[in-house]
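User: I want to go through this chain term by term. Please set each value against its definition.

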Amino acid sequence: MTEIFESAGQALLYGVVGLAVMAVGFGALDLVTPGKLFHVVWRDRNRGAAVLLGSQSVAVGLVIMSAIRASESEEGLGHGLFSTLLYGLAGVLVMTLVGIVIGLLTPGQMGAVALDDGDDHRPHPAAWVQAGMYLGTAAMVGAALS
């Protein structure tokens, strides 16, 4: 029974680390998109922003999952939590940099274009492209951790 409580405590600690990395990811996405992301998604109900945020959240979760698996070592829980934090932040950094590079290579400001829902209130195709880019980047970072 003690082992169950110990594992549950470890899961909780990894969850806190994952939440912290997701918060950093939210902040990074907020920096590269126009407006305040929280308001754009929840108040303005912008579907393109929701696509970006949702895909980025899944992508960060995938990186964290890979980081937790890669952090299993005999060096202890503290080492595992720290390496998961670093790997997760590296994943957010790479996703943000790839987003910036894609934005430089495409017409218009990528964040503004991706958030343009248009008259039909459908996300701009650029939102789906950037969403795929986040997921692809997460797959690359996750593979690098194995």
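**Terms and values**

Analyst: Of the chain's 146 residues, 37% count as buried. This is a predicted model, where local features need pLDDT of at least 70, side-chain atom pairs count only at pLDDT 80 or more, and totals for chains, interfaces and linings use all residues. Residues are numbered from 1 along each chain as its sequence is written, and side-chain values use heavy atoms, with hydrogens and water left out.

User: Why is Leu104 called exposed?

Analyst: Its relative accessibility is 70%. Exposed means over 50% relative accessible area, buried under 20%, and partly exposed in between (1.4 Å probe, protein chains only). Leu104 therefore counts as exposed. Its place is in helix H4.

User: What makes Leu93, Leu97, Ile100, Val101, Leu104 and Leu105 a patch?

Analyst: Patch residues have over 30% relative accessible area and no salt bridge; nonpolar side chains (Val, Leu, Ile, Met, Phe, Trp, Tyr) are joined within 5 Å, like charges within 9 Å. A salt bridge is a side-chain nitrogen of Lys or Arg within 4 Å of a carboxyl oxygen of Asp or Glu. These six form a nonpolar patch on the surface, with about 630 Å² of accessible area together. Areas come from the Shrake-Rupley method with a 1.4 Å probe; for residues, only the protein chains shown count as cover.

User: Which residues of H4 are buried?

Analyst: Among them are Gly80, Gly88, Gly91, Met95, Gly99 and Gly103.

User: How many helices and strands does the chain have?

Analyst: Six helices and zero strands. Helices (H or I, at least four residues) and strands (E, at least two) are DSSP runs, numbered from the N terminus.

User: What span is expected for H1, and what does H1 reach?

Analyst: The expected span is 1.5 Å times one less than the number of residues. H1 has 31 residues and reaches 45 Å from first C-alpha to last, close to the 45 Å expected. H4, with 29 residues, reaches 42 Å, close to the 42 Å expected.

User: What makes a set of residues a nonpolar core?

Analyst: The set holds buried Ala, Val, Leu, Ile, Met, Phe, Trp, Tyr and Cys residues joined through side-chain atoms within 4.5 Å. The largest here has 25 residues; Leu29, Met95 and Tyr134 are among those with the most contacts inside it. H1, H2, H3, H4 and H6 each supply at least two residues of this core. H3 gives the most, with eight.

User: Which residues does Leu29 contact, leaving aside neighbours within four places in sequence?

Analyst: Leu37, Leu52, Leu53, Gln56 and Tyr134. Contact means heavy atoms within 4.5 Å. Leu29 is also one of the buried residues of H1.
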